[in-house]
Amino acid sequence: MSEDSTRKTLAVALGVCLVCSILVSTAAVSLSKIQKENRKRDKFKNILQAADLYSKDIDISATYREFIRPRIIELETGETVDPSMSDLLNVETFDIRAVAMDNELGTRVPADKDAAQIKRKPRFMAIYPVVKQGQTQKTILPVYGKGLWSTMYGFLALNRDLKTIDGFTFYEHGETPGLGGEVDNSQWKAQWQGKAAFDDQGRVVIEVIKGQVDSSAPGAEHKVDGLSGATITTRGVDQLVRFWLGENGYGPYLDKLREEMADEQS
Ligand SMILES: Cc1cc2nc3c(=O)[nH]c(=O)nc-3n(C[C@H](O)[C@H](O)[C@H](O)COP(=O)(O)O)c2cc1C
């Protein structure tokens with residue numbers, strides 16, 4: 001075979017392809033465990049951020065395990081369920097999209113009830129109570145809904161009084177930086193802390209308004225500033241928060257907790 005024969009060229013090209021594909025697949029297989037671990041770590045970090053337990057120097061896994069007592073609830077009844085009924089209900093790797101799309105574990109949201117524009121939702125959700133000295137201080141509730149360009153995924157921290165918001169953070173969205181992307185702005189996020197999500201009758205009253213809240217006006221305690229130049233994202237946040245705190249979201253679970261709280265006090 002001459003040095004520059006077609007067969008030799010093809011053989012060399014095939015050999016290079018083979019070596020490269022072996023290298024790429026070996027890298028993909030060996031890195032997949034690390035990627036899975038990183039995804040889990042990132043989720044823990046986001047939950048700790050929503051819980052106001054995150055700072056750069058903490059051991060994320062240790063802090064998560066010390067304070068977070070995750071569990072799976074059935075949204076319709078508010079009951080805690082046994083996660084062993086499906087691999088998808090693992091609290092640490094819980095993937096909202098996968099559970100929502102599952103035939104058994106997810107359900108369609110009828111258009112007239114779909115304020116968050118999510119089309120499907122999980123029937124079961126992982127929630128993350130924050131427990132200190134044996135007492136639940138707050139509960140981190142996963143929420144999601146449509147903005148302008150994307151479905152926005154976040155965590156809402158609800159105080160143990162079951163009325164007050166303790167924190168809110170989005171961990172995934174595709175809104176425009178500087179406009180809808182200002183949902184990541186720490187000053188905007190800080191406003192949520194201390195806002196009343198519910199009135200005394202347990203009705204959802206939290207509202208993200210267009211423009212700025214007049215702090216001296218009645219009702220300011222349950223209003224949050226809208227994002228300027230981003231009316232659609234603002235409306236999306238307003239609707240997704242109200243959806244998830246309402247009867248088609250965590251409402252039944254929160255009603256159950258309120259009843260338990262009233263029983264304890266009586
Ligand atoms: C390039 C570009 C990106 C935009 N990104 C967003 C966005 O992320 N969220 C949003 O609500 N509006 C976004 N807008 C603006 C909307 O199209 C719309 O004009 C706006 O929501 C109206 O808000 P306003 O009533 O406060 O002006 C964007 C507009 C442009 C041109």
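**Domains, helices and ligand**

Reply: In this predicted model, nine residues of domain 1 are in contact with 16 residues of domain 2.

Me: Which element gives the largest share of the side of domain 1 that touches domain 2?

Reply: That is H1, which supplies five residues. By class, the side of domain 1 that touches domain 2 holds five nonpolar, two polar and two charged residues.

Me: Where are the bounds of the two domains?

Reply: Domain 1 covers 1-68 and domain 2 covers 69-265 of the protein chain. Their centres, taken over C-alpha atoms, are separated by 31 Å.

Me: Turning to the helices, at what angle do H1 and H2 pack?

Reply: The angle is about 55 degrees, and the axes are 9 Å apart. H1 spans residues 6-50, while H2 spans residues 60-67. The two helices are therefore oblique to each other.

Me: Is the crossing of H1 and H2 left-handed or right-handed?

Reply: The crossing is left-handed.

Me: And which residues meet there?

Reply: From H1 come Arg41, Phe44, Lys45, Ile47 and Leu48, and they meet Ile60, Ser61, Thr63 and Tyr64 of H2. This contact of H1 with H2 consists of five nonpolar, two polar and two charged residues.

Me: New topic: which residues are around the ligand?

Reply: The ligand has around it Leu148, Trp149, Glu175, Thr176, Leu179, Gly180, Gly229, Ala230, Thr231, Ile232 and Thr233.

Me: How does that shell divide into nonpolar, polar and charged residues?

Reply: Five residues of the shell are nonpolar, five are polar and one is charged.

Conventions: Residues numbered from 1 in each chain as written. Predicted model: local features only at pLDDT ≥ 70, side-chain atom pairs only at ≥ 80, totals over all residues. Axes fitted to C-alpha atoms, helices over the stretch in contact; angles between N-to-C directions. Helix = DSSP H or I, 4+ residues; strand = E, 2+ residues; numbered from the N terminus. Parallel < 35°, antiparallel > 145°, perpendicular 65-115°, else oblique. Left-handed = near helix turned anticlockwise from the far one by under 90°. Contact = placed C-beta atoms within 7 Å. Nonpolar A, V, L, I, M, F, W, Y, C, P; charged D, E, K, R; others polar. Near = placed C-beta within 6 Å. Domains from an automatic or database assignment.
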